[in-house]
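Q: I have a model open and would like to go through a few parts of it. Can we start with how some helices pack?

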Amino acid sequence: MTDLSKYRNIGIFAHVDAGKTTTTERILKLTGQIHKTGEVHDGESTTDFMEQEAERGITIQSAAVSCFWKDHRFNVIDTPGHVDFTVEVYRSLKVLDGGIGVFCGSGGVEPQSETNWRYANESEVARIIFVNKLDRMGADFFRVVKQTEDVLGANPLVMVLPIGIEDDFVGVVDLLTRKAHIWDDSGLPENFEITDVPADMVDQVEEYREMLVETAVEQDDDLMEAYMEGEEPSIEQLKACIRKGTRTMDFFPAFCGSAFKNKGMQLVLDAVVDYLPSPTEVDPQPLMNEEGEETGEHAIVSVDETFKALAFKIMDDRFGALTFVRIYSGKLNKGDTILNSFTGKTERVGRMVEMQANDRNELTYAQAGDIIAIVGMKNVQTGHTLCDPKHAVTLEPMVFPVPVISISVTPKDKGSTEKMGIAIGKMVAEDPSFQVETDEETGETILKGMGELHLDIKVDILRRTYGVDLTVGQPQVAYRETITQPVEDSYTHKKQSGGSGQFGKIDYVMKPGEVGSGFTFKSSVVGGNVPKEFWPAIEKGFKGMMETGVLAGFPVLDVEIELLDGGFHAVDSSAVAFEIAAKGAFRQSMPKAGAQLLEPIMAVDVFTPDDHVGDVIGDLNRRRGMIKDQMAGVTGVRVKADIPLSEMFGYIGSLRTMTSGRGQFSMEFSHYAPCPMNVAEQVIADVKEANAKK
């Protein structure tokens, strides 16, 4: 049995290029898991093992590694920073107990670090802050700490101070011990010495240490009283207070260093041990009933409980399908039979492995607190609960964002069609934010995703990993339709063709629903004009029509139907007749109710150097953007705007041209908004033209 208090399940997350993967590499090197450090910019890092990751220097899928530091076991997940892959961050946060938020010393709090921080807040994951790249031009630890307060609304607790800055950055002062850790120029993490605080920093160290102590003792009333009376708390007492405050997210211990130059990393690893929670110290996962409501019970993290685990990622590789699993309670032995409570089917655990990014170690046993992978599970998908067949339970499932962009793909040669189908099936299982459907009229395969880069990578994987050469269509926007005014209407479905006929009459009101309500149906029929047993059929008929609107066949949002009255025939009325009546009613009334086209609006966050701000804002306005905010930083300006997705295709090329390659942007789906008339007319005309060609 392993002592759960010695476990740390942590994730590393931040904006693109803040140094997450490099930080993970350093952790592996320091803990003895790897002997040669791979660099991201050489395409050789351990956790970026996909070809596409090595080439582009970005992380696409989260990778799991296990290592040991000071007799504590770390399960580390390195997550992507790019906004198109936030689903990877989201699902990783779901199974983690703590995290390290990495920020670039010169870039500061960037758009994606903001999104990831928000996800971590929603998942209530305790974090420490690591300000990386302090050896870079323009790096400023104190500015980044201030940004975490202003932009993220976080409460950073400064634990170390940098010694020197930019090229002169040599180490850090640990405020708790009042000792300086200074590294030499060899670049080796173990080559450092612990000395007294440099003379010119003594006053600054005392000032920051006092702030640290005052914040920490607020966690313990007795210590606070003693401190007020002039009694200095011991380092052990302070650590206990910092651990408590970190766990409750009252504050976030802030460290700094340079992962690339191997400076400051040991203190971060010590902080993971000292301040981040073990699996037993985190609020246990709630259990759900069949309707998806909480039962009030929880998956207590303990080896003595019955087996409960969550599948949080599916990965297909050369060894077969891998199901990544976080075990919340109980234990699992090789050869055990476990139940998938979503499908109701049992499966036998043939092989279990501990992940080392792209390598694996065989296991015969795993227990509560572990993050492992099971090889060859058949029908498990992301978010499914695995449990003891005698004690079926369901853990809180994961919610994934809806795709906003689609492209059509067709294999260049007919023989690849089946190969493509199998490959896409595997990819959809791996990534829940990637969806696929077939256009019934043209037979084209439509891929849907979170952004241009997301779909780009998927097509690249199909070509290279699975050897399917594709013809790719133009990106398409996921428009929606809705109604703008209430309509009271009546519809009768009557059919007589020998034998019993069909009859159903309904009187109803169709009106715009609350934003985000989807479809709602209610009946205020009194008396028996429409018998109660036909109400579900009427609802089903109306609801089925929400899939294709009358303007251009896009799905319909936010419609409320109220059934007022109607009529039925003792012989000819049936559920089918009323369902057909509801479908006809929808087609009849939607145009009368002021049907309107909606377009997806993206929350766009652009970073531009100062001298290009005017050009960037002018360009965003031309793209029908609503500028929401401008924030000046040291190295440039961040502009936040709401912009229709249809105007954002190819934006990265325009931005790079305008800013001489120095601009960056990220965007995520915000909401749907009405299309201007000229845009709506063009979209409807394009759809009609495409349909005519079919």
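Q: Is the crossing where H14 passes H15 left-handed or right-handed?
A: H14 passes H15 in a right-handed crossing; right-handed means that the near helix is turned clockwise from the far one by less than a right angle, and left-handed means anticlockwise. Helices here are DSSP runs of H or I with at least four residues, numbered from the N terminus. The model is predicted: local features need pLDDT of at least 70 and side-chain atom pairs count only at pLDDT 80 or more, while totals for chains, interfaces and linings use all residues. Residues are numbered from 1 along each chain as its sequence is written, and side-chain values use heavy atoms, with hydrogens and water left out.

Q: Which residues of H14 and H15 make the contact?
A: H14 contributes Asp-615, Val-616, Asp-619 and Leu-620, and H15 contributes Tyr-651, Leu-655 and Met-658. Contact means heavy atoms within 4.5 Å.

Q: New topic. Where is Thr-246 found?
A: Thr-246 is in helix H8, residues 235-247.

Q: Buried or exposed?
A: Thr-246 is buried, with a relative accessible area of 0%. Buried means under 20%, exposed over 50% and partly exposed in between, with a 1.4 Å probe and protein chains only.

Q: What does Thr-246 touch?
A: Leaving out residues up to four places away in sequence, Thr-246 touches Ala-126, Arg-127, Phe-251, Pro-253, Tyr-275 and Leu-276.

Methods
Helix = DSSP H or I, 4+ residues; strand = E, 2+ residues; numbered from the N terminus.
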